[in-house]
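Please read the points below with the model open beside you.

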Amino acid sequence: MFRIAPSLLSADFARLGEEVQNVVDAGADWIHFDVMDNHYVPNLTVGPLVCEAIRPLTEATIDAHLMVRPVDRLIGDFLKAGANVVTFHPEASEHIDRSLGLIRDGGAKAGLVLNPATPLHYLDYALDKLDIVLLMSVNPGFGGQAFIPGTLDKLAATRAKLDAYEQKSGRRILLEVDGGVKAENIAAIARAGADTFVAGSAIFGAGRAEDPHRYDSVIARLRAELATVSA
Ligand code: DX5
Ligand code: ZN
């Protein structure tokens, strides 16, 4: 019912393949892959080549979070590189419906990412093409930032919208949260309505303290917190 998606942004890039394998062995459901272009966000990370390189290492869902502008050409590249979920920010696409269609036509799940101050009305005419909504609980660009508390109300409002849509359409859209998620707040975030949790520094920071890098105990701790939340 709940998915945990470690963000590779906080992984050790010198041992990236090993990090992917360790975090999947420790029970990660998805691998969250942050793509930044130094244009839409003030940071530069990795592209489709790196996604393609980690693809053979795991059958886990690769969740490509595109913080790039423009998005459409990179959508194709990430589909070819084996991403299973592709999300982008509506401000970064001239034609949101077309970008969502490109992702779904390529066989992946499509999602919109809303920044902390981006209103929910972006979802209104997009629901039929959405498989996932990602709410940013920090401003995109960097790992290790503090969770913005107002995200809890926004999650609840999004949950209500998505539940109403499910009633009507019979289709469930996932609700993911990204930024500042850790053991101390994950249960409250789940209670507010999220079902998919990105965690970068909380997972890789803690696990790296162990040698070899192990993530079992930190992921188990997140799951134990989630287990206190009833559906
Ligand atoms: C921020 C990224 C996040 C980030 C989360 O722009 O989208 O995925 O890695 O990192 P933490 O969990 O450390 O806030
Ligand atoms: Zn992300």
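1. Pro 70 sits in the loop between β3 (61-67) and α3 (72-80). Helices (H or I, at least four residues) and strands (E, at least two) are DSSP runs, numbered from the N terminus. The peptide bond that leads from Arg 69 to Pro 70 is cis, its omega being near 0 degrees.

2. A remark on the source: this is a predicted model, in which local features need pLDDT of at least 70 and side-chain atom pairs count only at pLDDT 80 or more, while totals for chains, interfaces and linings use all residues. Residues are numbered from 1 along each chain as its sequence is written, chains are lettered from A and ligands numbered from 1 in the order in which they are written, and side-chain values use heavy atoms, with hydrogens and water left out.

3. The protein chain has 8 helices and 8 strands. Its radius of gyration is 16 Å, close to the 17 Å that the globule rule gives for 231 residues, so the chain is as compact as a globular protein of that length. (The radius is taken over C-alpha atoms, and the rule is 2.2 Å times the number of residues to the power 0.38.) The C-alpha trace spans about 50 × 40 × 30 Å along its principal axes.

4. Of the 231 residues, 54% count as buried. Buried means under 20% relative accessible area, exposed over 50%, and partly exposed in between (1.4 Å probe, protein chains only). Among contacts with a separation of 6 or more, 63% join residues 24 or more positions apart; contact means heavy atoms within 4.5 Å.

5. In helix α1 (residues 16-25), the buried residues include Leu 16, Val 20 and Val 23. The buried residues of α1 pack against β1 (3-6), β2 (30-36), α2, α7 (201-208) and α8 (216-227). Just after α1, Gly 27 takes a positive phi of about 110 degrees.

6. Asn 38 is found in the loop between β2 and α2. Its phi is near 60 degrees, a positive value in a residue other than glycine. Asn 38 counts as exposed, at 52% relative accessibility. Glu 52, in helix α2 (residues 48-54), is partly exposed, with a relative accessible area of 47%.

7. Is Ser 137 buried or exposed? Ser 137 counts as buried, at 0% relative accessibility, and lies in the loop between β6 (132-136) and α5 (151-169). A polar atom of the Ser 137 side chain lies 2.7 Å from the backbone oxygen of Gly 179. Leaving aside residues up to four places away in sequence, Ser 137 touches several others, among them Phe 147, Val 177 and Asp 178.

8. His 32 is buried, with a relative accessible area of 0%, and Asp 34 is buried, with 8%.

9. Ideal angles for six octahedral donors are 90 or 180 degrees.

Terms used:
Polar contact = N/O pair within 3.5 Å; in protein donor to acceptor, adjacent residues only side chain to side chain.
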